[in-house]
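Student: I have a model open and want to learn how to read it. Can we go feature by feature?

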Amino acid sequence: MSSMIKLERSATMLAPHDWQLLPMRFHRLDPDSMVLTNLVGEHEFVTSGELHDVMDGTCRDQELLARLRAAHLIQVPGETLPAELLAIKLRTRMRRLPDSTGLHIFVVSLRCEHTCRYCQVSRQSSAKQEFDMTEETAGRSLELAFRSPSPHMKIEFQGGEPLLNFPLIRWITAEAKRMNSGYGKDLAFVIATNLALLDDEILDFCAAEDVHISTSLDGPRDLHNGNRRRPGQDSWQQAVAGIERVQARLGPDRVSALMTTTEASLGRAAEVIDTYADLGLRAVFLRPISPYGFALRRRGGANYDVDRWLEFYTTGLDRIVELNRRGLPMVEVYASIIATKMLTNSDPGYVDLTSPAGIGIGALVYNYDGDIYASDEGRMLAEMGDHTFRLGNVHDSSYADVMLSEALLNPLSQSLTLSAPMCTTCAFEPYCGADPVFHHATAGDFTGHKALSAFCRRNMGVFTLLLRRMRDDPYFRDLMRRWAQC
Amino acid sequence: MLKLTSRADTSLLSGPLADDVWRVCLPGHETDGPVACLLQPGQAPPPGYGLYLTVGSVAGIPGPALKVGRELEHLGAGDIIHVPGDGRRVTVLWKHSARHNALLLTEQCDNYCLMCSQPPKDRDDSWLFDRAKKVVSLLPADARALSFTGGEPTLNADAFISLLEHCERVRPGLSVHVLSNGRRFADPRFTRRYATVGLADIMVGIPVYAPEPGLHDFIVQASGAFDETVHGILNLASLGQAVEIRVVIQRHTVPVLARLAEFIARNLPFVTQVALMGLEMTGLARPNSTLVWSDPADYQPELAEAVDILTTAGIATRIYNHQLCVLDRRLWPYAVRSISDWKNDYLDICRSCAVRDACGGVFTTSGNRLSQHLRPVPVQADQ
Amino acid sequence: MNQAKRELTLTFDRAAVDLDALQRSAYAMAADVTVDIRVLSTEYVCTLFPRGHEASADEIQHRFRSEVNDQILRARIAKETEPLRNLVFALAFSQTGLVEAEGEAG
């Protein structure tokens, strides 16, 4: 019996000039390899020739045309579905915007017994009680925090070394839970600590109140201790012992570690990763150093090249992928945040990679003295004498005073990537963010000049690295798909 | 495999039957309404029934009686049958013991899929809706689920909505699965009528075969189908209605399966589930077999990638109509025994298969158009 | 070695290239060159002042011309797609007609 076809395949294919472009941007990854992105960051790889043929209407590659249609990069004139789907996806990506502010950082003490090379907080000796937050300040801070519309509230205790004011941590946790009965928010608590002061009382507290621990682990012992000076020079030993203790008592998923890159870290990426792997830590956040506080003041301390950091990042990422191939499921956190933005319509909520920036609307910082800052870096700038990002004080500012202040709205409005020069035409705009504090500190204005911005250069470097790997390695592409859901 | 229809010996019928849809019961149970009493050979027939059925002799039965062929020996209490007024044929519409039951609502369709297992017929068969209403009214009390199929059930909008409203009135707790190409739901008013019926547990199963119109429209043989279908899915979602996306895996869909999975994950992530389905080589799939046939053993990598994309994105995924022996082992957890009882069967070689009971077998309707790689799965020591 | 200041001059036909493309290119390459643009009757004259000494004159000119071509391409795409871009944003921020199923999407 002959086949029964009413509609030939050729009738549903695209003839020359049958299509039109949908809003798109491009970036050249390699001499002949380009990546196209649509309004919501979906991407396709093409050659320059292919792009020109598509733009000229002469492309005859049906498989390419079908790919571009499916990825909402081209459409047939008169179709309405692609625009509707793009609009839905755009809305979905932005749906968390009204849910400010999710992260509230409480600086419960400025005291610290470490003197880390890159510390952005003024060091104070452990004795000075006047650098501790009071219950009154904490209470007023909580009142302001609960005014945020966000259904989620993460309270992060920082310092100095927050465990030096452990009684207040207890108090704030209890008070927040009590106040929450009137709000019904989803509460989470984290203590960012160097773990040197961890004891059973604190562990019991964390177990009972479901508190997570975040700590610093810069890498192998000599690297970590070189960065983080402490009387007794045993910061690494304390950190490792602390991590193991928390894992044993609370479980492996209750402690996470962050590393900070310094000059000394460069060239040792694989060792850093292996240190994390050996400790059973399943996530590594390969972060750059920010130019604040001691980092700026120390001669040659941490002003290294973005390109050298990118080499470090590449090596670290490759090491993590290698470990995954061998069956160890480690995640590189920065890549996973970007994967979420590239491959889904979800917002990972990472304050340094959002547009508009996460200052104020993503995170608020309540300093020990009640001063409110738009971000942790904003607080660190203040320690150096620059109060640009101080939004008020809990003792005399209302929620409206804080959130509608010029100090916040001005940099916020300038942080929209959709309207910043070069960002508007950048293919990676849907993945990127703005860092008005960084640009203010380094360039003197909130937007900066992206061609001269280390923030831009670093992010472009990571985006192009990840895309090339995804283009060339199916295993890495699958890994990014998994990481996108983390 | 079950036969569902049989000629009937009407020699003892004295006039036309009172009804055309009957529920089967055993002697001594219920006599009100269109209930047909099933007699075993030699069993004494209690009086008072409007219809008696037997595979044995009809002599001495105190009412209208039909002798049915041996193929309907499987008839049981709770089954629902159709018998035309002259009694010449008995067809089982609903099988009480079956895992799945589907009611055909029409053979008309505005698509013409290359692999359609129920080729469209352009004739007025609206009486099928009336028959369906009768079936729903006669469903046994413990009936849980029912599918409505076609053709395209929504072509006759008023009859379709009326049938759903009837379900909601007489069987509000029923789990209803509608198989539809989704195109009529592109009309927001129709979708609103559908949603307003208020059935608590109803889902529409809608096929999407490609992530863009070119290939999808070709496979369903209708220009503009993709556009209407996806609009329909969006409209249903906007009214909170459950949608299942069904993908028949055939020669044209295999190369785009992963991209289709990505499209669903990115554009239609709200769907209740995605069903990836093996081909039934019947209907139009037979004359089009060179166009559509793809041996399941050959497309496991594409299938695994699609499942991986969907499940990583958190979308419930099921694999239907695949034999376990040709399915990648990593995909076994997603496989469902889905072939309806009346058309499934096993091959002789399946007798020694370690997982025969978990496997749905093959479509009898596919004849000998089956995978070249079917073989019994050996028993493993670590199983 | 002679550290004389380098200056490279490129001209562009006004009929083929918009001033906007040149300005955007100058902005994008600000880390490597500063650019002075003069407008003549039928052409633009761009004088490039490289900041460093690693890249050769040829290389810098190639990169600048490449950048200009890319900016022209971008401008063309933006112009062609502007109505659809506006439509997508209008739909995204309108109140009606779109899926309100964000709850299910998580």
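Student: How much of chain C is buried?

Tutor: Keep in mind that this is a predicted model. A residue counts as buried if 20 or more other C-beta atoms lie within 10 Å of its own. In chain C, which has 106 residues, buried residues make up 23%.

Student: What secondary structure does chain C have?

Tutor: Three helices and three strands. Read from the N terminus, the elements of chain C run β-α-β-β-α-α.

Student: What share of the contacts in chain C joins residues at least 24 apart?

Tutor: Take the contacts between residues at least 6 apart in sequence. Of these, 67% in chain C join residues at least 24 apart.

Student: What does A:Phe106 touch?

Tutor: Leave aside neighbours within four places in sequence. A:Phe106 is then in contact with A:Met133, A:Ala138, A:Ser141, A:Ile155, A:Phe157, A:Ile172 and A:Tyr366.

Student: How do I read a helix pair? At what angle do the axes of H12 and H18 of chain A cross?

Tutor: Look at the distance and the angle between the axes. Helix H12 (residues 333-343) and helix H18 (residues 474-483) of chain A have axes that come within 8 Å and cross at roughly 90 degrees. Angles of 65 to 115 degrees count as roughly perpendicular, so H12(A) is roughly perpendicular to H18(A). From H12(A), the contact uses A:Ala335, A:Ser336, A:Ala339 and A:Leu343; from H18(A), it uses A:Met480, A:Arg481 and A:Trp483. By class, five are nonpolar, one is polar and one is charged.

Student: Next, sheets. Is the pairing in the eight-strand sheet of chain B parallel or antiparallel?

Tutor: Strands of a sheet pair through backbone hydrogen bonds, in either sense. In this open sheet of chain B, the pairing is parallel, and the order is S8-S9-S10-S11-S12-S13-S14-S15. Strand S8 (102-104) and strand S15 (335-336) of chain B stand at the edges with a single partner strand each, so one side of each has no neighbour in the sheet. S8(B) pairs with strand S9 (residues 145-149) of chain B over three bridges. There, B:Leu103 stands opposite B:Phe148 in S9(B).

Student: How do S3 and S4 of chain A pair?

Tutor: In the antiparallel sense. Strand S3 (residues 33-38) and strand S4 (residues 43-47) of chain A are joined over five bridges. A:Met34 has A:Val46 in S4(A) as its bridge partner. S3(A) and S4(A) form a hairpin with four residues between them, and A:Gly41 in the turn has a positive phi of about 85 degrees.

Student: One last residue. Where is B:Glu71 found?

Tutor: In the loop between strand S5 (65-68) and strand S6 (80-82) of chain B. B:Glu71 is partly exposed, because 15 other C-beta atoms lie within 10 Å. Apart from residues up to four places away in sequence, B:Glu71 touches B:Lys3 and B:Ser6.

Terms used: Residues numbered from 1 in each chain as written. Chains lettered and ligands numbered in written order. Predicted model: local features only at pLDDT ≥ 70, side-chain atom pairs only at ≥ 80, totals over all residues. Axes fitted to C-alpha atoms, helices over the stretch in contact; angles between N-to-C directions. Helix = DSSP H or I, 4+ residues; strand = E, 2+ residues; numbered from the N terminus. Parallel < 35°, antiparallel > 145°, perpendicular 65-115°, else oblique. Contact = placed C-beta atoms within 7 Å. Nonpolar A, V, L, I, M, F, W, Y, C, P; charged D, E, K, R; others polar. Buried ≥ 20, exposed ≤ 12 C-beta atoms within 10 Å, placed from the backbone. Pairing = 2+ DSSP bridges.
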